[in-house]
Each structure stands twice: as structure tokens, then as C-alpha cells.
Amino acid sequence: MKLHELKTFVTLVETKHFTRTAEQLFISQPTVSVHLKRLEEEVEQPLLLRHVFNTSIEVSDAGWVVYHHAKEMLFQAEQMQLELDELKGFVRGTLRLASTHTIYETMLEEMIHDFLIAYPDVSIDARIMNHDQVEQALLHHEIDIGLVEGDPLIQNINCIPFAKDQLYVIGRTGLNMSKATWIFREEGSAARTALIRWLDEQKIEPHKTITVHSNHLIRQLIMNGTGISTLSERFIQPLKKLKEYQVYAEDIENRTFQFAIPKEQPSRLALKWIEETIKNK
């Protein structure tokens, strides 16, 4: 099997679209179809299920087998090239990272800046995910490193601490917490889990809730009086100094920001990212 054909198939499975696959790989759409046909001829099984009245992509059982093994093969080929480059004194390639919202919105800019000063020939693909999504992306080689809040939920992931953080409950001054509108982060968010646990401990049953996917939006909703929520200490410093806002709890959760990498065969660029970050602390 040819690696470029496997890469085309993996991209096709992940984008679920022939045109987007072609655009992402800078090839023509007919070339995508040719690569798929060659793979299917080689494995002697259909990799996609074709339906007359359905234009969406459905992966066959054989297709999923090829996809998962192809991900591993492409990862190994990438690591081999990185190691060969290092023998010649080069550090290049693309570091794929994903960060939970708080880290992404408050710390990642400086970390990327420092890393690229040390390794200017490396490209960065930075994504934003919640804790659960980061772990799944690591397991499927979709990213090289995750930046998360709290401990891993999956055993074959290693975590390396790099910063401390504290969650506060904050809202407009004088709110009745049992009647206030509570603002939650999305399912799978560590901040959501911490807030729900604290509300249970305080025996507070929210009268009304809102779910959002951004800490910046939570802060804006707090500032305009829409509701009350939990935020990282990194987000609330300006609000704490204003009498219009009140910190209702300072000890909702003390947490550790950590780098998450696979226990087996971590990416070489991920290890360099960790080394560089720790050096700059």
C-alpha cells in the first residue's frame, strides 16, 4: 500500500467529503477517487458503502480496519522522517496540539510564540477541544499533544504538570444563587464537572441554566448580568477589583494544567514542546 493513498483515505474518512479531501491535500477530486479505487482493489473489499440516494460517506467494516491501521502507519512514517531530519540537524514538521478552553484562551499564545523561536521550521496546528475530546484525539493519532485541566481518564495517557489554576464562582453582586441563572460549559468540560459537583455539595438546585462553549462568552454574560458561573482565576482578575461583581466561592476547585501524551511512542515534536515549555517556566 502506498502511503499517499492511505493518507487520502484517512483524510476522506475524517472530512467525510471528496471535495474537502482534495482541497486539504492539494490534489484533484478525481485523484481522490483514484486513490480510493486502488486501495479497494488492493484489499479486495469496498472501503466505503455507496447508496444511490445518499451522498454522505459511510465507512465499511473493512474501511475502518484500513483507517485505524493507516493512522498508525502514517504516524510511524512521520516520526521516522522527523528522526532522520534530526540526524541532519533539522527540526521541522507539524506539531498538532489541542487545548482545553481556558489554556487555549489564556496561555497558548505565549507558549506557541516561545516554541517557534526555538524551532522556527516547525508548523503548529492548534485546535480547541474539551478534556474528553483531547483524550480521544490522542488515542487516534489526530493530535500529538493535549493541554488539559485535571488528570487523564484513560490509562494509556501520561500527563506532565506545567501550571496551577483555581476556579471561582463569580457573578453580579447580591445575587440569590438559588434563583440565579447558572451558566454551564458544554458536556465533557472539566469546568462543567467541577461546577456541578460544587452545586451538589452546596445543595443548590439551579432555577435556570445556560450552556455555552466559551469562557469569554461566560465572562461577558456575567458582566452584563445574565447569570453566574465558574471561571478560572486567569479570567476574573479585572472583575474582582470592581464592586459590581462578587466572588461567591474561591475554593470550588484547585486544578493542575497538564500536558497529555500517549504512554507509548509519543511524538518527537510533542516531547520537544514539553521540554521547551518547562525550560521557559
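**Entry 1: α6 and α11**

I looked up how helix α6 (residues 108-118) packs with helix α11 (residues 268-280) in this predicted model, and I found an angle of about 105° with the axes 10 Å apart. My axes are lines fitted to C-alpha atoms, for helices over the stretch in contact, with angles running from 0 to 180 degrees between N-to-C directions. The two helices, α6 and α11, are therefore roughly perpendicular to each other (65 to 115 degrees; under 35 is roughly parallel, over 145 roughly antiparallel, the rest oblique). Helices here are DSSP runs of H or I with at least four residues, strands are E runs of at least two, and both are numbered from the N terminus.

From α6, I noted Leu-108, Met-111, Ile-112, Asp-114, Phe-115 and Ala-118 meeting Leu-269, Lys-272, Trp-273, Glu-276, Thr-277 and Asn-280 of α11 (contact means heavy atoms within 4.5 Å). By class, this contact has 7 nonpolar, 2 polar and 3 charged residues. I count Ala, Val, Leu, Ile, Met, Phe, Trp, Tyr, Cys and Pro as nonpolar, Asp, Glu, Lys and Arg as charged, and the others, Gly among them, as polar.

A note on ground rules: as the model is predicted, local features need pLDDT of at least 70 and side-chain atom pairs pLDDT 80 or more, while totals for chains, interfaces and linings use all residues. Residues are numbered from 1 along each chain as its sequence is written, and side-chain values use heavy atoms, leaving out hydrogens and water.

**Entry 2: α1 and α4**

Next I turned to helix α1 (residues 3-15) and helix α4 (residues 61-87), which pack at about 120° with axes 9 Å apart. That angle makes α1 oblique to α4. On the α1 side of the contact I found Leu-3, Leu-6, Lys-7, Phe-9, Val-10, Val-13 and Glu-14. The contact of α1 with α4 divides into 12 nonpolar, 1 polar and 3 charged residues.

**Entry 3: the largest pocket**

I then checked the largest pocket, with a volume of about 680 Å³. A pocket is an open set of points on a 1 Å grid over the protein atoms alone, with protein on both sides within 12 Å along at least five of seven lines; lining residues have an atom within 4 Å of a point. Grid points are joined across faces, edges and corners, and a volume is the space filled by probe spheres set on the points.

Its lining has 20 residues, and Lys-7, Thr-11, Gln-24, Glu-78 and Arg-96 lie nearest the centre. The largest share, 6 residues, comes from α1. I logged the lining as 7 nonpolar, 5 polar and 8 charged residues.

Technical notes: On a 1 Å grid over the protein atoms alone, a cavity is a set of points where a 1.4 Å probe fits but cannot get out, and a pocket is an open set with protein on both sides within 12 Å along at least five of seven lines; lining residues have an atom within 4 Å of a point.
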